[in-house]
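Here are a few friendly notes to read alongside the model. Please keep the structure open as you go through the points.

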Amino acid sequence: MHPNGKAHGGSAILIKSTIKHYQSQPHCKDYIQATNVVVSAGVSDITISSLYCPPRHTIKEQHFNDYFKTLGKRFIAAGDYNAKHTFWGSRLTLPRGRELLKSAQSGHMNIISTGQPTYWPTDKDKIPDIVDFCIFKGIANTNISCSSCWDLSSDHSPILVEITAEIRNY
């Protein structure tokens with residue numbers, strides 16, 4: 001839900017019903033809106049966050065830092081950052097992308113993308129680009145993957161993020 005109480009874009013997290021989990025506090029700011037779920041993963045839980053950053057807001061490194069701190073030591077934060085940087089495969093680098101990369105690097109986080117455009121503008125003068133991707137922490141690079149999903153029709157292609165490590169329910 002948007003901070004003003006009205007429905008706007010949205011986010012979703014799909015988790016298999018046999019995986020132990022619970023919804024945690026959402027992050028509701030004008031500039032970052034996120035749905036958060038905590039998955040029980042053995043000795044240490046993992047927070048999964050699906051987010052949307054509206055393009056009209058200026059987001060600084062500190063805003064991203066504040067958001068990531070709410071997710072704990074192990075997390076996956078995926079969604080529409082509306083941030084472009086060549087580091088994750090965008091065609092160009094823009095200010096929001098620079099701020100986000102500074103936050104991720106200073107927080108010792110990893111970034112993974114599909115390497116394929118996720119935004120498909122309807123305006124013929126705009127070019128498809130990568131604005132949907134995943135930032136994660138406390139998970140080995142070898143245990144996470146990101147792929148494109150072409151099944152839905154929207155101006156954004158969903159990304160699928162998978163953890164390949166075994167998660168046990170206790």
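1. Glu-99 and Lys-102 meet through their side chains in a salt bridge, with 3.1 Å from N to O (a salt bridge is a side-chain nitrogen of Lys or Arg within 4 Å of a carboxyl oxygen of Asp or Glu). The two are 3 residues apart in helix 2, so about one helical turn separates them (helices are DSSP runs of H or I with at least four residues, strands are runs of E with at least two, both numbered from the N terminus). Glu-99 counts as buried at 14% relative accessibility, while Lys-102 is partly exposed at 40% (buried is under 20% relative accessible area, exposed over 50%, partly exposed in between, with a 1.4 Å probe and protein chains only).

2. A word on the source: this is a predicted model, where local features need pLDDT of at least 70 and side-chain atom pairs count only at pLDDT 80 or more, while totals for chains, interfaces and linings use all residues. Residues are numbered from 1 along each chain as its sequence is written, and side-chain values use heavy atoms, leaving out hydrogens and water.

3. Arg-91 also forms a salt bridge, with Asp-129, at 3.5 Å between the closest N and O atoms. Arg-91 sits in the loop between strand 4 and helix 2 and Asp-129 in the loop between strand 5 and strand 6, so the pair ties together parts 38 residues apart in sequence. Asp-129 is buried, at 2% relative accessibility.

4. Pro-117 lies in the loop between strand 5 (110–112) and strand 6 (132–137). Beyond neighbours within four places in sequence, its contacts (heavy atoms within 4.5 Å) include Asp-129 and Trp-150.
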